[in-house]
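Please look over the sequence and the model first, then read the points below.

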Amino acid sequence: MELRKHQSNIVYSKRIKAGKRVYFFDIREDSKGQNFICISESRKTNEGFIKQTIVIYPEDIEKFYKAFEEVKNSLK
């Protein structure tokens with residue numbers, strides 16, 4: 001488990017380096033105490049870093065996982 005301490009609402013974080021890109025898979029806690037998944041991509045450019053993020057709420061995780069599996073299997 002990798003925990004980025006400067007962001008207190010992160011419960012768990014996994015970092016993946018991929019060339020000039022870094023992916024973060026975070027479990028965060030909102031102001032109501034509910035956890036959600038935040039997937040971020042950070043990539044280096046000539047001007048600095050660009051970060052893009054998507055948020056997946058617990059009620060949608062199974063749908064997201066199923067779609068991800070289908071797309072992953074189509075890559076083979």
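A contact means that heavy atoms lie within 4.5 Å. Among contacts in the chain with a separation of 6 or more, residues 24 or more positions apart account for 5%. The model is predicted: local features need pLDDT of at least 70, side-chain atom pairs count only at pLDDT 80 or more, and totals for chains, interfaces and linings use all residues. Residues are numbered from 1 along each chain as its sequence is written, and side-chain values use heavy atoms, with hydrogens and water left out.

**Elements**

- The chain holds 4 strands and 1 helix; helices (H or I, at least four residues) and strands (E, at least two) are DSSP runs, numbered from the N terminus.
- Read from the N terminus, the order of the elements is β-β-β-β-α.

**Sheet**

- The 4 strands form an open sheet in the order β1-β2-β3-β4, and the pairing is antiparallel; two strands pair if DSSP finds at least two bridges between them.
- At the edges of this sheet are β1 and β4 (48-56), each of which pairs on one side only.
- On average, neighbouring strands of the sheet are turned by 20 degrees against each other, direction ignored; the axes are lines fitted to C-alpha atoms, for helices over the stretch in contact, and angles run from 0 to 180 degrees between N-to-C directions.
- Strands β1 and β2 run antiparallel and are joined by 8 bridges.
- The bridge partner of A18 is R21 in β2.

**Surface and burial**

- The accessible surface of the chain is about 6200 Å², and carbon and sulfur atoms contribute 54% of this surface; areas come from the Shrake-Rupley method with a 1.4 Å probe, and for residues only the protein chains shown count as cover.
- Of the 76 residues in the chain, 18% are buried; buried means under 20% relative accessible area, exposed over 50%, and partly exposed in between (1.4 Å probe, protein chains only).
- V11, Y12 and I27 make a nonpolar surface patch of about 210 Å²; patches consist of residues with over 30% relative accessible area and no salt bridge, with like charges joined within 9 Å and nonpolar side chains (Val, Leu, Ile, Met, Phe, Trp, Tyr) within 5 Å.

**Salt bridges**

- There are 4 salt bridges, where a salt bridge is a side-chain nitrogen of Lys or Arg within 4 Å of a carboxyl oxygen of Asp or Glu.
- One of them joins the side chains of R21 and E41, at 2.2 Å from N to O.
- R21 lies in strand β2 (residues 21-29) and E41 in strand β3 (residues 35-45), so this pair ties together parts that are 20 residues apart in sequence.
- R21 is partly exposed at 34% relative accessibility, whereas E41 is buried at 12%.
- E41 also forms a salt bridge with R43, with the closest N and O atoms 4.0 Å apart; R43 is partly exposed, with a relative accessible area of 25%.
- Through shared partners, salt bridges join R21, E41 and R43 into one network.
- Another salt bridge links D26 and R28, whose closest N and O atoms are 3.5 Å apart, and both D26 and R28 are buried.
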